[in-house]
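Dear colleague,

Here is the structure I promised to pass on. Please open it first, then read the notes below.

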Amino acid sequence: MTARAVVTGIGVVAPSGIGADAHWRTVLAGTRRTGPITLFDPAGYPTRYGGEVPGFDAAAYADNRRLVQTDRWTHLGFAATWLALADAGLPERAPDPYGYAVTLASSSGGNLFGQRELQRLWGGPSRTVGAYQSIAWFYAASVGQLSIHHQFKGPSGVLVAETAGGLDSLAHAARAVRRGTPVVIAGATECPLSPYALACQLRSGLLSDVADPQLAYRPFDAAASGYLPAEGGAVFVVEELGHALSRGARVYGEVSGWGATHDAVHTGGETAGDPAQYARAMRLALDRAGVGPEAVDVVLPDALGVSRYDRSEAEALRAVFADRPPPVTTQKPLTGRAHQGGAALDVATALLAFQHDTLPASTGPDEVADGCELDFLREHRRPRSRLALVCARGFDGFNSALVLRGAAPSRGVAS
């Protein structure tokens, strides 16, 4: 029998709050947590707003030695992993190192750390960089640091597919479970809020320059102007079902199916990806989960907030669901777009929705844009089938989709 991969722990560190409960309260309230960027002075940039994790104290989750060696993006990963392990009831150090693995997604890497060191190199009298520059910026830094600290020595890795990587991470974890690894840490965090990172994002032309964080990020809306950048994300304990049940763990849901495709198109200009390839990723995920489109309870889309991309995403969803679209809900306007961390946060939202027996209302659109006509969830409601389709598109052509089968609000898993 094929091993089943279930989620037994959720760790959220995001603009919506620290911890799954804080995130869920923000989602239910529909409160936007975007505001002025404070991690550096954004004066002079056309985009000066984003989503930052409120009251984050990295020292509460890692010792000083690890903190000085790593970037804020990894600090967020330390915290989210600690919260996920505690939520799952697992020890901080693996009792069976080769039975535990780490598979996270990455995008911009340790850009805050790298910017500081390069400024010291070119602007300081020493004309040097610190010894940890060689490892702190590296896109696999979080995976390496977590593997070492927690003694997770199973088959580990890092997925690099921008936002799509947040879903690819869980797909990879599910495959690792099926191949015999009982416990995998999966998910993603991100911190794209530095002068260099913001300049890179501005080059794409996809950021919003609206000078009001309450109005700047509006996916599928007639007033869509682009996205706001954000830090944070979510980390999960993905566990083999039998292993989880044997220790009496709470199960949030199952990673039932996944699909990934590629457009082979560079992000930029007037292109908006290939909706046919995006739809194919969704169909692959549904096929692997063994369910038809009609069984899906809710869709959490990529929701970039750029008109041509929103229309392309709506076209892909209509291609899959035809005249029977499920409710669509997005909470990204509440937090900003945290790249791969944002896709992982969507997974947390879906699993918490099933745990709390409530599908949350979508944050907009207020006025649906032409070509974006979907069945947006306008108020909270109870789930029906407990199946969620989470979708993500990474810059430069990455498409991913994930099917989650939610457990009932009790401790069991859906059959």
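**Strand β7 and its neighbours**

Strand β5 (residues 100-105) pairs with β7 in the parallel sense, over six bridges. Leu104 has Gly187 of β7 as its bridge partner. Bear in mind that this is a predicted model.

On β7 there is also a pairing with strand β8 (residues 232-240), antiparallel this time, over eight bridges. There, Glu190 stands opposite Gly232 of β8.

Is β7 enclosed or open? Eight of its eight residues (183-190) are buried, so the strand is largely enclosed by the rest of the structure. In a regular strand, side chains alternate between the two faces of the sheet. In β7, Val183, Ile185, Gly187 and Thr189 point one way. Val184, Ala186, Ala188 and Glu190 point the other way. All of these are buried, Glu190 included.

**Cores**

The largest nonpolar core has 46 residues. Ile10, Phe236, Val238, Val347 and Leu404 touch the most other members. Helix α13 (residues 340-355) gives the largest share of this core, ten residues.

**Pockets**

The largest pocket has a volume of about 490 Å³. Its lining has 21 residues. Which of them lie nearest its centre? They are Ser107, Glu162, Cys200, Gln201 and Phe395. Helix α8 (residues 195-203) supplies the largest share of the lining, five residues. By class, the lining has eight nonpolar, nine polar and four charged residues.

The second largest pocket has a volume of about 160 Å³. Its lining includes Ser107, Ser108, Gly109, Gly110, Trp137, Tyr139 and Tyr196. The classes here are four nonpolar, seven polar and no charged.

**On the outside**

Asp287 lies in helix α10 (residues 275-289). At 58% relative accessibility, Asp287 counts as exposed, because the cut-off is over 50%. Asp287 and Glu231 are 56 residues apart in sequence. In space they are 33 Å apart, C-alpha to C-alpha.

Best wishes

Notes. Residues numbered from 1 in each chain as written. Predicted model: local features only at pLDDT ≥ 70, side-chain atom pairs only at ≥ 80, totals over all residues. Heavy atoms only, no water. Core = buried A, V, L, I, M, F, W, Y, C linked by side-chain atoms within 4.5 Å. Buried < 20%, exposed > 50% of the residue type's maximum accessible area, 1.4 Å probe, protein only. Helix = DSSP H or I, 4+ residues; strand = E, 2+ residues; numbered from the N terminus. Pairing = 2+ DSSP bridges. 1 Å grid on protein atoms, 1.4 Å probe; cavity = no way out; pocket = protein on both sides within 12 Å on 5 of 7 lines; lining within 4 Å. Points joined across faces, edges and corners; volume = space filled by probe spheres on them. Nonpolar A, V, L, I, M, F, W, Y, C, P; charged D, E, K, R; others polar.
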